[in-house]
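Thanks for asking me to look this over. My notes are below as numbered points, written to be read with the model open beside you.

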Amino acid sequence: MRIGSPVATAAGAALVVLSTLAPAAAQAPARPGAPPQVVGRVITMDEAVAISLENQPQIAARLGDYAAARFRVDQALAPLLPQLTGSWTAARAQNVSAGTTAAGIDVGTRTRTFWTDTTVARVSLSQLLFDFGKTLAGTEAQRKLADVAAEDVELQRQLLALAVKEAYTNILFAQRLIRVSEQAVQRAELNLKSARGFFEVGTRPRSDVARAEVDVANARVDLIRARNAERLARVALNTALGIEADTPTQVQDNLVREPITIDRMAVRAEALDKRPEHRQARLRVAVAEATERQTFRNFFPDITAGGTYGAARADMNEIWELNLALTWTLFDGGGRIARWREAKANLDAAVARVKASELDITREVEQAVYSVLEAEERIDAAQVAVNSAQENFRLAQGRFDAGVGTILELTDAQLALTVAQNQETQALADYRIALYRLDRARGRR
């Protein structure tokens, strides 16, 4: 197989998708088998994306992360609510007493040992009255982090949808290459048959037969590689769908050109509005702001009210207490100042990352647009090349059959036709993938 050939491209693309999805799939629990809606029928692109979003464990993992983030919001808010605790303490202590008299009579020093049992039951209630907004700022930071986790779910869905579309297209690309290779094998075998006939009647040398045999062997090698590329692409698609890798998935052919009109400014605006990465960058600015407020308010005290109620044995005497506490750390070695400065630095970094995200998204949009336009132009050029190569091969074959052309001329024409057909197939596949990447660049599934 020639380096950079369409077959190598299809196999490489399938392996890229496999390497991207395999680690997450390996960590997920095994599924019992392919969903019944996949086996035994041809699925469309939209159906493949829907199946993937429903079955892929990566989505379930991101949803779990989002649920955990929402529970962290409750944890951050909890200190503002009443805190109720109960305690029960039982203790037994040994006591020793010494005496020198007994009923007024000096009997010398005596030591007496005895045990005392103490039991205390207590219920304590405390309520944070005011902390200068520290807890509310921390809660707001956790709420924004939960929003970041929600955007991560959407990001994973978009990436997974793109992986499905690329694997789907790679299957179609490989299937087209198989048909091209089969036609090349048929042409090469026909040329070999003609060369053997001419050699047997003495009008052609044995070298023509050898050259034709080499062409047949090369065509069969390309066919073998094309079939393997299809198998690899199907494994990649099945992995993206979240089903068994060896499922005989069948897909509907959509490798056709569908010209579209692209408004660059509209696409860029849509991307900045819908891309989860950009929304996450802006949310992280809000997180940094809330964290900075929280660390700054750590310089102020906490005011807490509390009370306890209980009883102590043996006579179960009633115990109760009411208290009001002001807690203020006046100096902690500069730790709070350092944490506040760290929070301000994180805020500045988060603001800069929003701008960096805008630049990255704009670059991806422009690259995707140019890829679509380039693929469209290659389709036009490749179709012209196919028509010319078909005519050239027809003429070369006629000249060879008439005995005026050489086997070298014929095999060169055959190779040029195969290359032109491969280039047309490559351009169609690249066009579809460029459209899918444009959708991803603008924040669509």
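**Notes on the helix packing**

The crossing of α4 and α8 is left-handed (the near helix is turned anticlockwise from the far one by less than a right angle; clockwise would be right-handed). Before the details, please keep in mind that this is a predicted model, in which local features need pLDDT of at least 70, side-chain atom pairs count only at pLDDT 80 or more, and totals for chains, interfaces and linings use all residues. Residues are numbered from 1 along each chain as its sequence is written, and side-chain values use heavy atoms, with hydrogens and water left out.

1. **Overall picture.** The protein has nine helices and six strands; these are DSSP runs numbered from the N terminus, with helices being H or I of at least four residues and strands E of at least two. Of its 445 residues, 40% count as buried (under 20% relative accessible area; exposed is over 50% and partly exposed is in between, with a 1.4 Å probe and protein chains only). The accessible surface comes to about 24200 Å², and 56% of that belongs to carbon and sulfur atoms (Shrake-Rupley method, 1.4 Å probe). Among contacts (heavy atoms within 4.5 Å) between residues at least 6 apart in sequence, 81% join residues at least 24 apart.

2. **α4 against α8.** Helix α4 (residues 134-200) packs on helix α8 (residues 335-401) at an angle of about 15°, with the axes 11 Å apart. Axes here are lines fitted to C-alpha atoms, for helices over the stretch in contact, and angles run from 0 to 180 degrees between N-to-C directions. The angle makes α4 roughly parallel to α8 (under 35 degrees; over 145 is roughly antiparallel, 65 to 115 roughly perpendicular and the rest oblique). On the α4 side, Arg187, Leu190, Asn191, Ser194, Ala195 and Phe198 meet Phe393, Gln397, Phe400 and Asp401 of α8. By class, this contact has five nonpolar, three polar and two charged residues (Ala, Val, Leu, Ile, Met, Phe, Trp, Tyr, Cys and Pro are nonpolar, Asp, Glu, Lys and Arg charged, and the others, Gly among them, polar).

3. **α4 against α5.** The axes of α4 and helix α5 (residues 206-241) come within 7 Å and cross at roughly 165°. That makes α4 roughly antiparallel to α5. Their contact divides into 26 nonpolar, four polar and 12 charged residues. The crossing of α4 and α5 is left-handed.

4. **α7 against α8.** Helix α7 (residues 276-297) packs on α8 at about 170°, and the axes are 8 Å apart. The two helices are therefore roughly antiparallel to each other. By class, the contact of α7 with α8 has 11 nonpolar, five polar and nine charged residues.

5. Val372 lies in α8 and counts as buried, at 0% relative accessibility. Beyond its neighbours within four places in sequence, Val372 is in contact with Ile262, Tyr431, Ala434, Leu435 and Leu438. Not counting residues up to four places away in sequence, Gln397 touches Leu190, Asn191 and Leu410. Gly398 of α8 is partly exposed, at 37% relative accessible area, and its C-alpha atom is separated from that of Leu410, 12 residues apart along the chain, by 9.2 Å.
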